[in-house]
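Let's walk through a structure together, one question at a time. Keep the picture open while you read.

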Amino acid sequence: MARKAADKSIETPVVEHREHARGRRVLFVSSEVVPFAKTGGLADVVGSLPRALMKLGCEVAVVMPKYKNISPEKYKLKLEVKGIPVPMGMGEMTADIYSTRLGDTNGTVYFIQNDRYFDRDGFYGTPEGDYHDNAERFAFFSRAVLEMLKAIQWFPEILHLNDWQTGLVAAFLKTLYQKAHHYQNIRTLFSIHNMAYQGLFPKYVLPMTGLGWEEFSHEKLEFYDQVNYLKAGLVYSDALNTVSERYAEEIQTEEYGHGLQGVLKDRASELYGIVNGIDYDEWNPATDKEIPAQYTVKNHDQKTESKKKLLLEQNLTYNPNTPVIGLISRLTDQKGLDLIAEIIQDFLAMDVQFVILGTGEPKYHLLLEELRGKYPSKLSVALKFDNRLAKLIYAGSDMFLMPSRFEPCGLGQMIAMKYGTIPLVRKTGGLADTVENLSPDGKKGTGFVFEDYKGEDLLFILKRATEAFHQPKLWTELVQRAMKQDFSWDASARKYLEIYGKILKK
Ligand code: ADP
């Protein structure tokens with residue numbers, strides 16, 4: 001049984017939070033941040049949580065790699081410091097530090113530039129696979145973050161680390177920088193956005209990181225005779241959190257812990273679950289410029305305009321009585337693609353249209369292309385990453401499919417609800433925390449939820465949802481309830497602030 005994750009239910013009044021927050025200095029460290037680089041929800045979170053914390057009074061900055069796609073002209077990058085030395089195990093590298101504003105806020109985003117590591121297409125690899133030197137790239141990034149603080153002469157109280165790419169920051173801080181002036185008082189919070197990605201590398205990379213072999217033990221970075229960057233973050237950070245309460249419990253079990261459940265159980269008293277929010281400045285059908293007709297809960301019939309445009313673009317015929325089901329996802333087993341593959345032919349035998357946008361495992365690209373050939377009037381498939389099309393799908397679909405095997409938080413279901421698009425989800429992680437199954441009398445609930453990871457159970461809710469779609473009153477009420485849900489960042493940002501306060505008291 002999972003132990004209960006640390007208590008996160010303390011509610012402090014907003015005013016008091018402002019007092020706690022005043023002057024609190026936080027640096028977010030992340031390998032992706034909206035709008036500069038995005039492959040998934042991590043980028044959304046680090047693009048928006050800092051803004052919410054600033055509203056509460058924190059002083060927040062963000063640091064990420066300067067990838068090739070980040071145009072200095074477009075983002076008005078300014079050179080802060082040139083050629084700072086970054087010690088690596090095999091010698092010294094250098095980094096240039098650039099900066100810009102985080103949107104219209106006072107927050108700064110810092111970029112770490114080194115052409116050898118980051119001047120290439122893609123963030124972690126190419127469609128053919130991960131880059132062979134990712135261990136070195138993210139060891140460099142992690143070390144450069146700490147060296148940057150000296151160079152810019154700004155020392156945060158909290159380093160807020162995110163996922164395996166930043167795990168070594170915590171390890172470096174507690175070992176190599178343990179006695180360094182200005183670094184001793186920095187505290188770390190490590191946010192787990194997905195346990196499935198751990199940054200596992202052969203042990204021979206360890207000397208390159210600059211850490212000694214004493215770190216290669218079961219209590220530290222070693223994991224089945226490999227080096228595990230995520231584990232570095234988990235053992236060395238002052239506190240941990242993940243992005244929903246349910247996932248915080250789940251990852252302490254064998255089924256969801258990906259081999260690290262023991263480490264997480266040991267740290268259960270410092271492991272928090274905080275659900276992600278949505279940035280409603282970015283995701284809002286009332287203001288969205290990418291959709292043909294804006295709408296709110298009062299005139300959500302305007303969704304029809306988006307539905308028409310979406311279907312036209314995707315070469316499908318519009319029919320008001322045929323529900324459109326959207327899927328925007330990484331095409332992987334995690335996201336339930338194997339389950340969809342199992343039932344898709346039965347599903348497409350129903351009176352439905354299915355619009356898919358995603359990229360991922362080659363086997364799913366092949367399968368979906370084949371199915372598109374077979375069902376041209378029912379299925380459209382866009383195998384790419386496309387923010388504009390994503391918005392049109394959120395607005396133009398009637399339902400949004402997310403049958404994940406596991407889901408740390410999931411943003412798609414929350415965005416869908418805001419756009420009045422009913423989520424069809426599996427009861428796991430953040431999906432379980434944010435979507436309520438439609439009650440038998442139809443008076444409660446915001447979507448359709450199935451429990452067991454079985455094709456027949458998924459097919460069952462797809463049938464139930466299409467039946468409900470044909471009952472206009474029930475459907476309208478369901479859409480309105482979904483649209484009225486509030487997943488804004490405010491409440492979650494306050495919870496982060498409480499954790500910062502706790503670890504600073506340590
Ligand atoms: P994860 O981070 O596990 O991929 P989330 O649901 O947390 O899943 O976040 C996914 C984010 O990425 C959402 O904002 C979703 O709209 C977006 N997204 C996923 N695939 C695509 C795509 N192919 N094109 C555009 N946006 C996408």
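Q: What covers the buried residues of H2?
A: This is a predicted model, so local features need pLDDT of at least 70, side-chain atom pairs count only at pLDDT 80 or more, and totals for chains, interfaces and linings use all residues. Residues are numbered from 1 along each chain as its sequence is written, and side-chain values use heavy atoms, with hydrogens and water left out. Helices (H or I, at least four residues) and strands (E, at least two) are DSSP runs, numbered from the N terminus, and contact means heavy atoms within 4.5 Å. The cover for H2 includes strand E1 (25-29), strand E2 (59-65), strand E8 (158-162) and helix H19 (490-505).

Q: How many of the 15 residues of H2 are buried?
A: Buried means under 20% relative accessible area, exposed means over 50%, and partly exposed is in between (1.4 Å probe, protein chains only). Among the buried ones you'll find Leu42, Asp44, Pro50 and Met54. H2 is mostly covered, and the count of buried residues is twelve.

Q: How far apart are the end C-alpha atoms of helix H2?
A: The expected span of a helix is 1.5 Å times one less than its number of residues. For the 15 residues of H2 (residues 41-55), that should come to 21 Å. The end C-alpha atoms agree with this, as they sit apart by 21 Å.

Q: Which element gives the most to the shell around the ligand?
A: Start with the polar contacts (pairs of N or O atoms within 3.5 Å): a polar side-chain atom of Tyr394 is 2.7 Å from an oxygen atom of the ligand. Taken alone the ligand exposes 560 Å², and the protein buries 93% of that (Shrake-Rupley method, 1.4 Å probe). The elements giving two or more residues to the shell include H2, strand E16 (353-360) and strand E15 (324-331). With three residues, the top giver is E15.

Q: Is Asp119 buried or partly exposed, and what is its relative accessible area?
A: Asp119 is found in the loop between helix H3 (115-118) and strand E6 (125-126). Leaving aside its neighbours within four places in sequence, Asp119 is in contact with Lys68 and Asn114. Asp119 counts as partly exposed, with a relative accessible area of 43%.

Q: How far apart in space are Asp119 and Lys66, C-alpha to C-alpha?
A: Along the sequence, Asp119 and Lys66 are 53 residues apart. In space, C-alpha to C-alpha, Asp119 and Lys66 are apart by 7.9 Å.

Methods
Polar contact = N/O pair within 3.5 Å; in protein donor to acceptor, adjacent residues only side chain to side chain.
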